[in-house]
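Trainee: Could you walk me through this one slowly? I'd like to go residue by residue where we can.

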Amino acid sequence: MKKGEIYEGIIETVEFPNKGKVQVEGKTVVVKNGIPGQKVRFMINKKKGTRLEGRLLEVLDKSPLEVREPVCSIFPACGGCMYQTMSYEEQLNMKAAQVKKLIDEAVIRGGQVDTEGKPDYIFEGIKGSPQEFAYRNKMEFSFGDEYKDGPLSLGLHKKGSTYDVLNACDCKLVHEDMTKILTCILEYCREEGFSYYHKMQHTGFLRHLLLRRGNTTGEILVNLVTTSEIETDFAELQKRLLALPLEGKIVGFLHIINNSLSDVVRSDETRILYGQDYFYEEILGLKFKITPFSFFQPNSYGAEVLYKTAREYIGDTKEMTVFDLYSGTGTISQIMASVAKEVIGVEIVEEAVKAAGENAHLNGIENCRFIAGDVLKVLDDIQEKPDFIILDPPRDGIHPKALPKIIDYGVDKLVYISCKPTSLARDLEMFLGRGYQVEKVCCVDQFCQTVHVETVVLLSQQKPDDTIEIDLDLDELDATSAELKATYQEIKDYVLKEFGLKVSSLYISQVKRKCGIEVGENYNLPKSENARVPQCPKEKEEAIKAALKYYAMI
């Protein structure tokens with residue numbers, strides 16, 4: 001197979017987030033943006049060794065899983081709703097299987113397996129969103145054109161394109177109030193002849209439309225983002241917006257000036273044209289004040305399911321000090337406050353920290369404290385020690401230098417909430433390598449019709465009661481002349497000093513055998529028939545090998 005060649009095939013499976021696997025001529029090609037069972041035509045666009053990627057050109061035959069008609073006019077050209085033609089039940093099944101595969105692989109690599117070598121933890125499946133459509137409380141729309149030099153458009157980028165923008169006047173991910181507002185603004189801007197911002201030339205006026213709507217309150221914040229190229233008061237647009245027949249209510253209309261070169265929604269200057277620069281949303285009986293750029297879960301209905309699940313996993317925290325790391329606007333912190341001694345939230349975005357403090361005051365919560373800063377650095381300065389830790393990091397997961405600091409607290413249990421299962425799986429391996437085990441996992445679908453999914457994991461520190469009793473006769477184990485170069489204790493001491501890891505005699509024996517060093521026959525025999533023999537994690541295996549090399553045993 002060569003780059004540029006075109007093939008046809010059937011997508012057999014889809015791995016997270018949207019990696020379809022197609023078998024052609026005995027080789028596996030990754031084709032993104034498809035559904036299992038579709039027959040597709042694709043072009044090879046990447047080839048690195050045996051790894052092949054194809055760009056989807058056309059769906060030749062529908063998948064048997066596609067049992068619904070599209071609900072909006074720009075499917076499938078828009079990349080926002082990948083799976084809307086699948087039943088919601090099948091979407092959930094696919095996402096659950098994707099996440100379970102990633103977690104299974106991670107815990108197997110970490111040595112958490114049963115007697116048959118299978119992953120040994122509880123997978124509790126997936127919980128769906130209470131509302132499948134019109135669930136998003138925030139949406140960023142872009143100005144542009146649907147094709148080069150075409151009429152002004154306002155909506156979402158065409159799949160695979162950073163330039164073409166499709167009109168999203170009937171987007172079903174958002175409440176109809178939002179699409180009415182979008183249509184009104186698009187019509188007004190077309191009448192006025194406003195130009196959109198060209199990313200390459202860095203010229204033009206209109207950039208983005210940021211809409212936020214409280215699912216529970218119906219309060220709407222309209223944020224029109226432009227450059228400073230034109231000076232206009234938008235009085236007529238304001239009049240039209242306030243006259244719209246909406247189910248909810250516009251509580252603020254903001255004009256945000258953004259002259260940055262990058263294509264991001266940010267503010268150099270914010271002008272309040274009408275009302276206020278915030279709105280309110282409610283989750284689990286708590287009220288939250290949300291500003292244009294403050295982080296808040298985009299699906300309030302799904303967030304309640306997510307936080308209820310997390311609270312169940314967290315359990316009893318009475319008289320405990322809880323660290324909520326990557327705390328955002330403090331939603332989880334405040335939910336936990338009523339059942340904890342103290343909650344300390346850490347978040348790098350200062351605006352989110354300010355909002356968290358205001359929200360805690362709004363809800364009458366006095367035992368929450370929020371610190372602005374990078375988790376990696378802040379942990380060095382906090383005097384308190386946590387009894388429980390909640391982790392809800394951004395998509396890339398936990399910084400690799402912050403993770404050991406978190407593990408070093410040695411809390412009995414912690415809960416990890418992840419919006420990107422691949423990052424979660426990577427981080428879990430370090431937890432497993434440092435003495436934690438995965439107890440149970442549950443997925444929560446906050447992003448219906450899309451590739452994304454949230455995952456909640458309960459981790460616990462392995463205690464002596466959790467370990468296996470194993471007969472180890474060190475005289476039997478030290479069976480060769482090579483092993484006489486270092487005792488088991490010397491190897492343990494070296495690994496602890498050089499790598500900060502504690503290793504058992506069992507792990508050392510397992511690595512020795514892998515390296516061809518003879519050990520006693522009974523080195524891994526448990527006392528009981530049904531006992532599980534833990535396998536040495538990869539991180540510890542590498543450290544033990546380094547010790548064996550140091551003592552010239554391999």
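Trainee: Which residues does Q98 touch, not counting those up to four places away in sequence?

Mentor: Q98 touches V14, E15, F16 and P17, where contact means heavy atoms within 4.5 Å. Bear in mind that this is a predicted model, in which local features need pLDDT of at least 70 and side-chain atom pairs count only at pLDDT 80 or more, while totals for chains, interfaces and linings use all residues. Residues are numbered from 1 along each chain as its sequence is written, and side-chain values use heavy atoms, with hydrogens and water left out.

Trainee: Where is Q98, and is it buried or exposed?

Mentor: Q98 is found in helix α1; helices (H or I, at least four residues) and strands (E, at least two) are DSSP runs, numbered from the N terminus. Q98 counts as buried because its relative accessibility is 7%, and buried means under 20% relative accessible area, exposed over 50% and partly exposed in between, with a 1.4 Å probe and protein chains only.

Trainee: What does the side chain of Q98 reach?

Mentor: The side chain of Q98 reaches the backbone oxygen of V14 at 2.9 Å. That is a polar contact, meaning a pair of N or O atoms within 3.5 Å; within protein, one must be able to donate a hydrogen and the other to accept it, and residues adjacent in sequence count only if both atoms are side-chain atoms.

Trainee: You listed F16 and P17 together. What is the peptide bond from F16 to P17?

Mentor: The peptide bond from F16 to P17 is cis, with omega near 0 degrees, and P17 lies in the loop between β1 (6-15) and β2 (19-24). A cis peptide bond also joins F75 and P76, where omega is about 5 degrees, and P76 is found in the loop between β5 (51-61) and α1.

Trainee: Why mention them at all?

Mentor: Because most peptide bonds are trans, and most residues other than glycine have a negative phi. On the phi side, D149 has a positive value near 65 degrees and belongs to the loop between β7 (138-145) and β8 (152-157). Phi of Y326 is also positive, near 65 degrees, and Y326 is found in the loop between β16 (317-325) and α5 (331-337).

Trainee: Buried or exposed, for D149 and Y326?

Mentor: D149 counts as exposed because its relative accessibility is 67%, whereas Y326 is buried, with a relative accessible area of 16%.

Trainee: Back to α1 then. How do α1 and α9 cross?

Mentor: Two packed helices are described by the angle between their axes and the distance between the axes. The axes of α1 (residues 88-109) and α9 (residues 421-433) come within 9 Å and cross at roughly 20 degrees; axes are lines fitted to C-alpha atoms, for helices over the stretch in contact, and angles run from 0 to 180 degrees between N-to-C directions. The two helices α1 and α9 are therefore roughly parallel to each other, since angles under 35 degrees count as roughly parallel, over 145 as roughly antiparallel, 65 to 115 as roughly perpendicular and the rest as oblique.

Trainee: Which residues make the contact?

Mentor: From α1 they include V99, L102 and I103, and from α9 they include P421, T422 and L424.

Trainee: What about α2 and α3, what angle do they pack at?

Mentor: Helix α2 (residues 176-192) and helix α3 (residues 235-242) pack at an angle of about 150 degrees, with their axes 10 Å apart. That makes α2 roughly antiparallel to α3. In this contact, I181, C184, I185, Y188 and E191 of α2 meet E236, L237, R240 and L241 of α3.

Trainee: New topic: where does S294 lie?

Mentor: S294 lies in the loop between β15 (286-290) and α4 (300-314), and it is buried, with a relative accessible area of 1%. Leaving out residues up to four places away in sequence, S294 touches R212, T329 and E351. The C-alpha atoms of S294 and T329 are separated by 7.1 Å, although the two residues are 35 residues apart along the chain. A polar atom of the side chain of S294 also lies 3.0 Å from the backbone nitrogen of T291.

Trainee: And which residues is N359 in contact with?

Mentor: Leaving aside neighbours within four places in sequence, N359 is in contact with K287, F288, K289, T329 and Q334. N359 sits in helix α6 (residues 350-362) and counts as buried at 1% relative accessibility.
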